[in-house]
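Hi,

Here's the structure I said I'd send over. Have a look at it first, and then read on for what turned up when I went through it.

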There are 2 protein chains.
Amino acid sequence: MAYDASTLPDVSGLTVGIIGGTGDQGRGLAYRFARAGQRVLIGSRSAERAEQAAREIAALDGVPADAAISGGDNTGVAHDSDIVIIAVPWDGHGATVAALAGPLTGKIVIDCVNPLGFDKQGPYALTVAEGSAVQQAAALLPGSRVCAAFNHVSAPLLADPTVDRIDLDVLICTEDRDLVEVVGALAARIPGMRGVYAGRLRNAHQIEAFTANLIAINKRYKAHAGIRVTDL
Amino acid sequence: MAYDASTLPDVSGLTVGIIGGTGDQGRGLAYRFARAGQRVLIGSRSAERAEQAAREIAALDGVPADAAISGGDNTGVAHDSDIVIIAVPWDGHGATVAALAGPLTGKIVIDCVNPLGFDKQGPYALTVAEGSAVQQAAALLPGSRVCAAFNHVSAPLLADPTVDRIDLDVLICTEDRDLVEVVGALAARIPGMRGVYAGRLRNAHQIEAFTANLIAINKRYKAHAGIRVTDL
């Protein structure tokens with residue numbers, strides 16, 4: 001079938017938890033979902049820092065006064081959410097995910113982590129034993145429904161309250177085809193975004209690694225680049 | 001600087017040779033460049049097959065009656081061209097490129113080869129000892145100016161004479177920053193295309209591998225997908 005946003009399920013009642021929600025990417029996504037009226041839980045190793053981040057996000061322009069956004073420790077957030085976004089630094093990704101296997105059982109897990117290294121020539125893709133961050137997550141979470149998505153979303157754009165619309169496609173890699181509709185619907189809560197199925201988990205490495213190319217593009221063209229799939 | 005097509009150099013006088021010009025990708029690119037009025041040389045192991053392909057392309061709708069398109073063996077084409085596009089199958093890529101190192105010295109070489117495997121689950125990225133097809137080419141062609149580009153261009157769209165415009169960005173990976181302008185100008189000869197610098201050669205693997213994702217997208221959405229870089 002062609003891409004058709006009108007057939008997406010209603011996800012407005014689902015609670016979105018963000019593990020690593022105090023980092024730039026997690027915080028930016030939390031802001032956009034809170035702004036869209038989604039119930040958002042910010043997770044961190046420190047419940048206090050998570051609560052602080054939730055208060056800061058709730059106060060940002062564009063977030064409804066009655067927005068349901070709060071913070072807690074990662075385990076509690078994983079337990080209380082319907083959809084959990086993993087947005088932690090790559091360093092520590094495996095340990096954090098493994099520790100949440102219990103509360104994440106039966107949950108939808110979206111991994112947006114990009115394993116990159118940096119040297120004086122800029123960013124480059126790291127080699128991951130499992131193939132990619134999301135494949136590592138899938139291996140550690142056999143009871144969860146796992147996909148990669150939101151890998152290419154610019155944190156500065158997400159965080160900028162003057163930006164109303166972020167035009168890009170969220171590429172979704174997963175073995176669970178039914179998941180694509182749910183995650184696509186979540187992506188579509190952010191104006192300008194579409195969720196597009198982009199292959200199996202074994203083809204997620206290049207999606208994560210492509211973030212290095214986006215960083216190169218941003219540097220050369222002074223942009224906050226994302227990608228849009230054409231002919232769709 | 002921001003992306004600015006108005007500053008691109010004039011490449012209309014350059015001869016474009018296509019090694020593997022009788023394959024789908026090479027033939028499609030040859031058609032588009034001939035249609036744009038570029039001088040095109042089709043290369044093949046067999047000069048006869050190359051000449052035959054050149055005659056067929058010259059007869060397609062949209063190619064000017066006075067189009068300069070002809071065929072020859074790979075070595076002659078490499079020798080007589082200013083810009084040479086490598087569009088051979090991955091199997092045999094190294095041997096073909098190595099054999100052309102002499103005539104390609106001093107030339108601009110564009111590698112558009114994607115090392116992919118296919119099994120019953122579809123396409124997947126192959127591991128390449130040098131990192132990517134273009135890095136293999138760069139290693140074999142120390143006297144050439146090498147980049148990756150045109151990896152994501154749909155062969156059926158290229159070949160379809162009813163398609164006037166192909167809206168996508170050609171991602172260019174290279175160590176040679178000046179090359180970006182020339183290859184960008186060549187991409188811009190095809191209506192709808194922009195050439196965008198997308199990083200160093202060490203970040204070309206994921207560009208090549210991303211073709212597996214585009215194939216997955218095409219299958220799911222019945223599309224001929226490409227990508228457009230946003231905010232540019």
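Let me start in the sheet: Ile83(A) sits opposite Ile108(A) of β5(A). That pair belongs to β4 (residues 83-86) and β5 (residues 108-111) of chain A, which run parallel and are joined over 4 bridges. Bear in mind that this is a predicted model.

Zooming out, β4 and β5 are part of an open sheet of 8 strands in chain A, with mixed pairing and the order β3-β2-β1-β4-β5-β8-β9-β10. At the edges you'll find β3 (69-73) and β10 (193-197) of chain A; each has a single partner strand, so one side of each lacks a neighbour in the sheet. From one strand to the next, the twist averages 25°. Packed on the sheet is helix α2 (residues 47-58) of chain A, which touches β2 (39-44) and β3 of chain A. The direction of α2 makes about 165° with that of β3(A).

Now for the core. The largest nonpolar core has 155 residues, and the members that touch the most others are Ile110(A), Phe150(A), Ile110(B) and Phe150(B). What does Phe150(A) contact, leaving aside its neighbours within four places in sequence? Among its partners are Gln25(A), Leu29(A) and Phe33(A), and also Val170(A), Leu171(A), Val183(A), Leu186(A), Ala187(A) and Met193(A). Ile110(A), another of those top core members, is on the contact list of Phe150(A) too, as is Cys112(A).

Over in chain B, take a look at helix α6 (residues 133-140). Its buried residues are Ala133(B), Val134(B), Gln135(B), Gln136(B) and Ala137(B). The elements covering them include α4 (93-99), β5 (108-111), β8 (145-148) and α9 (205-221) of chain B.

Last, the confidence scores. Chain A has an average pLDDT of 96, and 100% of the residues score at least 70. For the complex, the predictor gives an ipTM of 0.96 and a pTM of 0.96.

Cheers

Methods:
Residues are numbered from 1 along each chain as its sequence is written. Chains are lettered from A and ligands numbered from 1 in the order in which they are written. This is a predicted model: local features need pLDDT of at least 70, side-chain atom pairs count only at pLDDT 80 or more; totals for chains, interfaces and linings use all residues. Side-chain values use heavy atoms; hydrogens and water are left out. A nonpolar core is a set of buried Ala, Val, Leu, Ile, Met, Phe, Trp, Tyr and Cys residues joined through side-chain atoms within 4.5 Å. Buried means under 20% relative accessible area, exposed over 50%, partly exposed in between (1.4 Å probe, protein chains only). Contact means heavy atoms within 4.5 Å. Helices (H or I, at least four residues) and strands (E, at least two) are DSSP runs, numbered from the N terminus. pLDDT is the predictor's confidence in each residue, from 0 to 100. Two strands pair if DSSP finds at least two bridges between them. Axes are lines fitted to C-alpha atoms, for helices over the stretch in contact, and angles run from 0 to 180 degrees between N-to-C directions.
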